[in-house]
Amino acid sequence: MDKAVAEKFCDDLGLSKEHIAKYEKLYSEDILPAISRHYLSHIVTTVEELINEKRKQEFLAQIKEINANGKSEIDYALLEKSVNKKILRLFSIILKPVGNGKVKARSHLIGGYGVLITYWDNLEEGQIRILIAHELGHIANRHLFGNKEAASEEGLASLFAYIALQDRSDFYKSKSKQFTREFDLQIYNDVVNMCHKKNTGNR
Ligand SMILES: [Zn+2]
């Protein structure tokens with residue numbers, strides 16, 4: 001931390017050098033390494049939230065019916081509040097690095113309430129992002145659209161990955177419009193190379 005800033009924290013906010021060291025250590029040793037493993041976390045959270053929203057009404061209606069039939073005495077008001085305030089999640093997406101497996105990345109259903117995405121941890125970050133974006137495509141396909149068209153599933157997962165990654169690359173595009181097409185094609189090729197090459201891609 002800049003010395004002048006540190007002095008301000010100590011003099012103006014009554015903190016000590018130990019406080020600063022403790023929080024800097026927390027950030028650099030625990031938070032920062034964890035952040036770097038949370039690939040595409042905004043998109044992961046948003047897809048998760050959309051699925052939660054989609055499931056909410058159906059879930060609450062089911063509980064209401066169970067209660068009405070006298071089969072349980074669940075505190076409906078508490079449950080409804082927890083779901084509406086997003087304290088209780090009905091669907092979670094969890095990312096987990098693994099050593100080499102059969103495929104570079106894949107999704108595993110956790111009961112009916114979430115998906116665990118596993119991916120090889122020895123790949124480059126850019127490659128991991130592509131694989132995870134593709135797996136998120138599968139999740140959106142199945143749990144948002146309820147799509148059961150097996151034939152188009154892989155293509156749709158990559159379409160989702162392309163759109164998500166292309167959007168995130170906007171920063172680079174705005175620097176120079178003439179490269180737009182090149183960047184877009186590059187992202188498309190990266191997705192296809194990672195996810196559609198026989199025996200090496202993900203599922
Ligand atoms: Zn796939």
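1. Start with Leu-40. In this predicted model, Leu-40 counts as buried, because 20 C-beta neighbours lie inside 10 Å. The cut-off for buried is 20 or more. Leu-40 sits in the loop between α2 (17-37) and α3. Its backbone deserves a look too. Leu-40 has a positive phi of about 50 degrees, although it is not a glycine.

2. Now take Lys-86. Is Lys-86 buried or exposed? Lys-86 counts as exposed, because it has 12 C-beta neighbours inside 10 Å. The cut-off for exposed is 12 or fewer. Lys-86 belongs to the loop between α4 (76-84) and β1. Lys-86 is not a glycine, yet its phi is positive, at about 65 degrees.

3. Next, the overall plan. The protein has 8 helices and 3 strands. In sequence order the pattern reads α-α-α-α-β-β-β-α-α-α-α. The protein is more spread out than a compact globule, because its radius of gyration is 22 Å, well over the 17 Å that the globule rule gives for 203 residues. Its C-alpha atoms fill a box of roughly 65 × 50 × 35 Å along the principal axes. Of the 203 residues, 22% count as buried.

4. Consider the contacts along the chain. Take those between residues at least 6 apart in sequence: 51% of them join residues at least 24 apart.

5. Then the domains. The domain assignment gives domain 1 (1-37) and domain 2 (38-195). How many Å separate the centres of domain 1 and domain 2? Taken over C-alpha atoms, the separation is 34 Å.

6. Look at the start of the chain. Helix α1 is hardly covered: of its 11 residues, the count of buried ones is 0. Cys-10 lies in this helix, which spans residues 3-13. Cys-10 is partly exposed, because 14 other C-beta atoms lie within 10 Å. That count falls between the cut-offs of 12 or fewer for exposed and 20 or more for buried.

7. Stay with Cys-10. Which residues does Cys-10 touch, not counting residues up to four places away in sequence? They are Leu-15, Ser-16 and Lys-17. Cys-10 and Ile-20 are 10 residues apart along the chain, and 8.9 Å separates their C-alpha atoms. Just after α1 comes Gly-14, with a positive phi of about 70 degrees.

8. Turn to the sheet. It is an open sheet of 3 strands, in the order β1-β3-β2, with mixed pairing. Strands β1 (92-98) and β2 (105-109) are the edges, each pairing on one side only. Neighbouring strands are turned by 20 degrees against each other on average, direction ignored. As background, strands of a sheet pair through backbone hydrogen bonds, either parallel or antiparallel.

9. Check the pairings one by one. β1 and β3 pair in the parallel sense over 7 bridges. Within that pairing, Leu-95 has Ile-117 of β3 as its bridge partner, and Val-98 has Trp-120. β2 and β3 run antiparallel and are joined by 5 bridges. Here Ser-107 stands opposite Ile-117 in β3.

10. Follow the hairpin of β2 and β3. There are 4 residues between the strands. In this hairpin, Gly-111 takes a positive phi near 50 degrees.

11. Finish with the core. The largest nonpolar core has 30 residues. Those with the most contacts inside it are Ile-132, Ala-133, Leu-136 and Ala-161. Five elements each supply at least two core residues: α3 (41-68), β3 (114-120), α5 (125-144), α6 (153-168) and α8 (180-195). Which element gives the largest share? The answer is α5, with 8 residues.

12. Ala-161 is then in contact with Ile-130, Ala-133, His-134, Gly-137 and Val-191.

Technical notes
Residues are numbered from 1 along each chain as its sequence is written. This is a predicted model: local features need pLDDT of at least 70, side-chain atom pairs count only at pLDDT 80 or more; totals for chains, interfaces and linings use all residues. The radius of gyration is taken over C-alpha atoms; the globule rule is 2.2 Å times the number of residues to the power 0.38. Two residues are in contact if their C-beta atoms, placed from the backbone, lie within 7 Å. A nonpolar core is a set of buried Ala, Val, Leu, Ile, Met, Phe, Trp, Tyr and Cys residues joined through C-beta atoms within 7 Å. Domain bounds come from an automatic or database domain assignment. Two strands pair if DSSP finds at least two bridges between them. Axes are lines fitted to C-alpha atoms, for helices over the stretch in contact, and angles run from 0 to 180 degrees between N-to-C directions.
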